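Me: I would like to go through this structure and ask what stands behind each label. Please set the values against the cut-offs.

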Amino acid sequence: MQAKSSSQKTNRVTQRDLDVKIQFMEGVVRRDPNYVDALQLLGDHYTQRGRFDEGLNVDERLARLEPKNPLVFYNLACSYSLTDQFDGAALALEKALQLGYRDFAWLAKDPDLKNLRAQPVYRDIQKKIRGMKIKVR
């Protein structure tokens, strides 16, 4: 029998902690299905745990509840990217940009958007972003 490394133990503890947080937030959302802050935390926890389809469901729900929130649509784009739904990811990201999302540096390196950035549809988004950037002198 092989001894478990400290990183394996830490990883297991982290996963267990996330599972507890997920269970708690699921309970909160069951009691108040429109509690936006709780839904955002739940979606984040699902994604951290690798439960991307469940995270996508939460983000779609948030987009209906918060139709003018650029961060909600950015997160929706991330969820679509993580589930290899690139047309949905591109549309959600374009909507986030229309609504005012401007953290272009993070967008360019966000690991959740890695799959989308590899797609041809992302080139059009890059062109739009370049057109939106204002040079400060």
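Me: In what order do the elements of the protein run from the N terminus on?

Reply: The order is α-α-α-α-α-α-α-α. The secondary structure comes to eight helices and zero strands. The model is a predicted one.

Me: How much of the protein is buried?

Reply: Of the 137 residues, 36% are buried, where buried means under 20% relative accessible area. As for contacts between residues at least 6 apart in sequence, 52% of them join residues at least 24 apart.

Me: How do you know that the length of helix 8 agrees with its number of residues?

Reply: Helix 8 covers residues 121–132, twelve residues, and at 1.5 Å a residue these should span 16 Å. The C-alpha atoms at its ends are 18 Å apart, which agrees.

Me: Which residues of helix 8 are buried, and what makes them line one face?

Reply: The buried residues are Tyr-122, Ile-125 and Ile-129. Viewed down the axis of helix 8, they fall within an arc of 55°, so they line one face of the helix. Lys-127, Arg-130 and Gly-131 are exposed on the other side of helix 8. The cover over the buried residues includes helix 5 (86–98), helix 6 (104–109) and helix 7 (114–117).

Me: How many salt bridges does a search of the whole structure find?

Reply: The search finds four salt bridges.

Me: What makes Asp-19 and Arg-49 a salt bridge?

Reply: The closest N and O atoms of Asp-19 and Arg-49 are 2.7 Å apart, and the cut-off is within 4 Å, so the pair counts as a salt bridge. This pair links distant parts of the chain: Asp-19 is in helix 1 (residues 6–31), while Arg-49 is in the loop between helix 2 (36–48) and helix 3 (52–65), 30 residues apart.

Me: Why are Asp-19 and Arg-49 called partly exposed?

Reply: Partly exposed lies between the limits of under 20% for buried and over 50% for exposed. Asp-19 has 29% relative accessibility, so Asp-19 counts as partly exposed. Arg-49 has 27%, so Arg-49 is also placed there.

Me: What is the N to O distance between Arg-51 and Glu-26?

Reply: The distance is 3.8 Å. That is within 4 Å, so the side chains of Arg-51 and Glu-26 meet in a salt bridge. Arg-51 lies in the loop between helix 2 and helix 3 and Glu-26 in helix 1, so the pair ties together parts that are 25 residues apart in sequence. Arg-51, at 27% relative accessibility, counts as partly exposed, and Glu-26 is partly exposed with a relative accessible area of 21%.

Me: How do you know that Lys-128 and Glu-94 form a salt bridge?

Reply: Their N to O distance is 3.2 Å, which means that the pair meets the cut-off of within 4 Å. Lys-128 in helix 8 and Glu-94 in helix 5 are 34 residues apart, and the pair links distant parts of the chain. At 42% relative accessible area, Lys-128 is partly exposed. Elsewhere, salt bridges that share partners join Glu-26, Arg-51 and Glu-54 into one network.

Me: Why is Ser-81 called buried?

Reply: Ser-81, in helix 4 (residues 70–82), has 0% relative accessibility, and the limit for buried is under 20%, so Ser-81 counts as buried. Leaving aside neighbours within four places in sequence, Ser-81 is in contact with Phe-86, Ala-89, Asp-112, Leu-113, Lys-114, Asn-115 and Leu-116. The C-alpha atoms of Ser-81 and Leu-113 are separated by 5.7 Å, although the two residues are 32 residues apart along the chain.

Me: Why is Thr-83 called buried?

Reply: Thr-83 sits in the loop between helix 4 and helix 5. At 17% relative accessibility, Thr-83 is under 20%, so Thr-83 counts as buried. A polar atom of the Thr-83 side chain lies 3.0 Å from the backbone oxygen of Ser-79, and the side chain also reaches the backbone oxygen of Tyr-80 at 3.1 Å. Not counting residues up to four places away in sequence, Thr-83 touches Phe-52, Asp-53 and Leu-56.

Me: Which residues of the largest nonpolar core touch the most other members?

Reply: Tyr-74, Leu-93 and Leu-107 do, out of 35 residues. Helix 1, helix 2, helix 3, helix 4, helix 5, helix 6 and helix 8 each supply at least two residues of this core. Beyond four places in sequence, the residues touched by Tyr-74 include Leu-93, Trp-106 and Leu-107.

Definitions and conventions:
Residues numbered from 1 in each chain as written. Predicted model: local features only at pLDDT ≥ 70, side-chain atom pairs only at ≥ 80, totals over all residues. Heavy atoms only, no water. Helix = DSSP H or I, 4+ residues; strand = E, 2+ residues; numbered from the N terminus. Expected span 1.5 Å × (residues − 1). Buried < 20%, exposed > 50% of the residue type's maximum accessible area, 1.4 Å probe, protein only. Arc of directions from axis to C-beta. Contact = heavy atoms within 4.5 Å. Polar contact = N/O pair within 3.5 Å; in protein donor to acceptor, adjacent residues only side chain to side chain. Core = buried A, V, L, I, M, F, W, Y, C linked by side-chain atoms within 4.5 Å.
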